[in-house]
Amino acid sequence: MAKTAEIIIEGKSYTFPIVEGSEGEMGIDIGNLLEQTGAVTLDFGYKNTGATTSAITFLDGDKGILRYRGYSIEELAEKSTFLEVAYLLIFGELPTPGQLSGFSGDIKNHTMVHEDIKKILDGFPSSAHPMGVLSSLFCAQTAFYPESLDPNRSKEGVYLSIVRSLAKMPTFAAWAYKNEVGHPVNYPDNSLNYCSRFLKMMFALPAEHYDVDPVVAAALDKLLILHADHEQNCSTSTVRIVGSSKASIYSSISAGINALWGPLHGGANQEVILMLEEIKKDGGNVDKWINKAKDKNDPFRLMGFGHRVYKNFDPRARIIKKAADDVLSKLGVNDPTLEIAMKLEEIALKDPYFIERKLYPNVDFYSGIIYRALGIPVDMFTVMFAIGRLPGWIAQWKELRENKEPIGRPRQIYTGSNQRPYVGLDKR
Ligand code: MLT
């Protein structure tokens with residue numbers, strides 16, 4: 001028998017169907033709640049609200065499980081490449097060798113950006129945060145490809161926008177950095193793979209030979225895989241809600257970049273490094289800072305611990321911690337903040353305060369350390385997250401479109417004044 005839920009409002013009972021996910025999760029389908037009962041649900045921060053059904057990413061926060069299209073994040077991070085994972089997320093299956101070479105070839109064909117984009121870039125002062133520059137350049141594509149504004153775009157047209165998005169993202173990201181440091185931009189070198197191409201555009205200086213370190217490129221590829229999707233997080237929900245108004249893929253993703261920028265979302269990895277630096281400058285007494293984190297009256301917050309949906313280890317954090325160890329030893333980098341991070345983690349994992357509150361390290365805790373070892377400057381950390389998250393945003397935008405989902409339009413419970421007569425200026 002189909003499962004149902006009963007809601008009783010002022011003694012009257014209403015029945016709603018329960019929708020079951022492929023992993024046994026349950027959602028009460030309240031699609032006609034308002035119509036039937038006159039009431040809406042209230043759920044600040046959407047903590048208990050399923051905004052959609054999705055076949056892209058499965059996450060079990062209690063067990064610490066993350067899978068893209070059914071494949072475990074551990075296996076994908078170990079065996080796959082970022083472009084394979086991007087293909088998997090967007091099109092639903094791992095690519096065959098032919099599909100992968102077609103896809104990466106198409107991406108290579110579109111890595112150049114229109115020269116006029118440089119004029120837009122030139123308008124930004126070097127004090128501009130690269131995330132703001134990135135979202136602006138990304139949205140500017142609507143001007144260069146106005147056909148992308150057509151809400152009824154053909155399948156081929158959508159594919160072209162997807163390929164352009166993936167192809168130009170590393171170019172925009174590297175150029176946002178060049179703007180910050182005041183250097184001339186580099187053009188994409190299509191003899192290189194996705195991550196190496198980005199690294200060269202970011203770090204090469206004019207008239208100097210630049211070889212991409214394969215250890216750095218491989219570590220970056222893994223990091224991008226780990227960030228590629230995370231179901232209905234804040235930036236992805238933003239992409240979906242903007243996309244639901246039939247805004248173009250470029251404007252929807254640009255909105256996602258802005259949502260990711262905040263320190264409570266993608267900006268957290270930058271905050272972790274700043275915190276570790278502060279602890280180091282203070283002498284590195286980890287116990288002191290753990291106590292500060294536990295003190296209700298102290299404004300200090302342990303960044304990179306705890307997660308809205310993981311009540312267990314964030315599986316990405318385990319992989320990143322190991323990758324950070326490997327990369328630092330391969331590159332011969334001795335970073336004292338890694339030691340501080342490991343000590344913080346060790347103490348916090350034994351401390352009842354953190355255990356009771358299920359505060360485990362999340363993906364941001366170690367990612368800053370590894371980005372720094374790769375030579376990425378701190379305010380580019382969130383940009384790296386955005387490059388990684390791009391396939392997820394694309395996949396979710398495409399799914400929303402294919403499922404013909406309605407425009408996102410939440411309701412509210414009004415708490416303001418009741419109707420009152422207007423008071424003229426002379427009487428106020
Ligand atoms: C993410 O990867 O988007 C973050 O962990 C945040 C989230 O899932 O809420």
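This is a short tour of a predicted model, stop by stop, with what to select at each one.

Residues are numbered from 1 along each chain as its sequence is written, and side-chain values use heavy atoms, with hydrogens and water left out. Because the model is predicted, local features need pLDDT of at least 70 and side-chain atom pairs count only at pLDDT 80 or more, while totals for chains, interfaces and linings use all residues.

**Stop 1: the ligand.** Select the ligand together with H230, N233, H265, H307, R316, F385 and R389, the residues that surround it (each has a heavy atom within 4 Å of it). This shell consists of one nonpolar, four polar and two charged residues. Here Ala, Val, Leu, Ile, Met, Phe, Trp, Tyr, Cys and Pro count as nonpolar, Asp, Glu, Lys and Arg as charged, and the others, Gly among them, as polar.

Now show the side chain of H230: one of its N or O atoms sits 2.6 Å from an oxygen atom of the ligand. H307 brings a polar side-chain atom to 2.7 Å from a ligand oxygen, and R316 has a side-chain N or O atom 2.7 Å from an oxygen of the ligand. On its own the ligand has 260 Å² of accessible area, and the protein covers 84% of that (Shrake-Rupley method, 1.4 Å probe).

**Stop 2: the largest cavity.** A cavity is a set of points, on a 1 Å grid over the protein atoms alone, where a 1.4 Å probe fits but cannot get out, and lining residues have an atom within 4 Å of a point. The space inside is about 30 Å³, and the lining has four nonpolar, four polar and two charged residues.

**Stop 3: the second largest pocket.** Select P151, N152, K246, W397 and R401, the closest to the pocket centre among its 18 lining residues. A pocket is an open set of grid points with protein on both sides within 12 Å along at least five of seven lines. This one holds about 280 Å³ of space. Helix 18 gives the most to the lining, three residues (helices are DSSP runs of H or I, at least four residues, numbered from the N terminus). The lining divides into six nonpolar, six polar and six charged residues.

**Stop 4: a salt bridge.** Finish with E75 and K79, whose closest N and O atoms are 2.8 Å apart in a salt bridge (a side-chain nitrogen of Lys or Arg within 4 Å of a carboxyl oxygen of Asp or Glu). Because they are four residues apart in helix 2 (residues 73-79), E75 and K79 are separated by about one helical turn. The whole structure has 22 salt bridges.

How values were computed:
Points joined across faces, edges and corners; volume = space filled by probe spheres on them. Helix = DSSP H or I, 4+ residues; strand = E, 2+ residues; numbered from the N terminus. Polar contact = N/O pair within 3.5 Å; in protein donor to acceptor, adjacent residues only side chain to side chain.
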